[in-house]
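Subject: Model for you to look at

Hello,

Here is the structure I said I would pass on. Please open it alongside this note.

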Amino acid sequence: MGGVTSSMAAKLAFFPPNPPSYKLVADEMTGLLLLSTFPHRENVEILKLPTRKGTEVVAMYIRHPMATSTLLYSHGNAADLGQMYELFVELSIHLRVNLMGYDYSGYGQSSGKPSEQHTYADIEAVYKCMEEGYGAKQEDIILYGQSVGSGPTLDLAARLPHLRAVVLHSPILSGLRVMYPVKKSYWFDIYKNIDKIQLVDCPVLVIHGTADEVVDCSHGKQLWELSKEKYEPLWLKGGNHCDLEHHPEYIRHLKKFVSTVEKPPSQRYTGSRRRSTDQQLLPPRKSTDIVFEASRKSTDRREKPRHSTDVNKLLLKSNSNNLNEKLEKLKNQSNYAEKLRVSFDQVERSRRSVDCCLEKSRKSVDHQLERGRKSVDRIRTG
């Protein structure tokens, strides 16, 4: 039963265009690969990449001269690079990013047959090319998964702990959940995104149309709720499964998201725009290794006392300066009081001297008056 259900899910998941919308041709002058339906562009490269499953996938890399991020785009069903070419070019221009798109095994001119495991090998080969061939760093990469492309996108994102960001465009909870409203994950299910989203450490943007009749909007909403670092989602009213990029809000919101995640983590969110866990965004993690993670956390804990010590030093220095200022004021006040005391003493001595002079003058006057009175008395008696 499990094998039958898994086979059914796989058949419903993959619909490569038949015939493919393009052919691979070699430029006569340069020998470079081209898509047959599009002229050569200086900033576009067409590649064929081997995978660990033994297939070869066709990929296209678009350079942008001002790019600081690289978008790895995993497209949806019933599409190939020929149908996605113009959208990829437009996204690179409007978002100012380098962009790498690819066809899954069995899609377009990629060899092999489509399957869940092949798509995992496909995206790994493309990611490896981005790192080794174009020098892209993990912390500068944004993974973008549309519809079935959300499967390989989240599988890779769950294993890369310091990606710049993830975009989920009309994503699925799992292959089986598209067909049946099951409550738990079964071993035979494919693309169990519901279990992998919780392993993604970077900011996650979810875009879904409210009128999607292929993958219900509830898939996107539940994945957004389960993500660790939620970014403001975009629920496009009236949007269906295949027309979201035609809504004006789509490119505006996507540009805003890319601009945000390109900032340092400490500057990304302000005010109410924070993760639903009410935790600040952390700097990108350096490794999935548990020992290293424990060491990093231990280092973080050691950092805090040093910061606290620096603050204490500043406070002590400030308090010392304040104390010195107060002592200086007291000293000045003491000197002033001393001067006042001396001045008061001088006034007191002057007052006493004046009193003494006045007393002498009074006695002298009294004496003279007494002599004059006695003289008058003698004259009267004579």
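Below is what I found, from the whole protein down to single residues.

One caution before the details: this is a predicted model.

Overall picture

The protein has 9 helices and 11 strands. It has 382 residues, and 40% of them count as buried. The accessible surface comes to about 22000 Å². Carbon and sulfur atoms hold 55% of that surface. I also looked at contacts between residues at least 6 apart in sequence. Of these, 67% join residues at least 24 apart.

Helix α2

Start at residues 81-95, which form helix α2. D80 caps the N-terminal end. One of its side-chain oxygens lies 3.1 Å from the backbone nitrogen of G82. Further along, the helix has a kink of about 25°, centred on L87. L87 is also among the buried residues of α2. After the helix comes R96, with a positive phi near 55°.

Helix α4

Next, go to residues 150-157, helix α4. How many of its residues are buried? The count is 8 of 8, so the helix is mostly covered; the cut-off for buried is under 20% relative accessible area. They are S150, G151, P152, T153, L154, D155, L156 and A157. What do they pack against? The strands are β5 (70-74), β6 (98-102), β7 (141-146) and β8 (165-169). The helices are α3 (116-134) and α6 (193-196).

Leaving aside residues up to four places away in sequence, D155 touches Y120 and K196.

Cysteines

How many disulfides does the structure hold? The number is 0.

In short: see the kink at L87 in α2, the covered helix α4, and D155 with its contacts to Y120 and K196.

Best wishes

Methods. Residues numbered from 1 in each chain as written. Predicted model: local features only at pLDDT ≥ 70, side-chain atom pairs only at ≥ 80, totals over all residues. Heavy atoms only, no water. Helix = DSSP H or I, 4+ residues; strand = E, 2+ residues; numbered from the N terminus. Contact = heavy atoms within 4.5 Å. Disulfide = S-S within 2.5 Å. Buried < 20%, exposed > 50% of the residue type's maximum accessible area, 1.4 Å probe, protein only. Areas by Shrake-Rupley, 256 points an atom, 1.4 Å probe, with all protein chains shown as cover. Bend = angle between axes of the 7 residues up to and from the residue. Polar contact = N/O pair within 3.5 Å; in protein donor to acceptor, adjacent residues only side chain to side chain.
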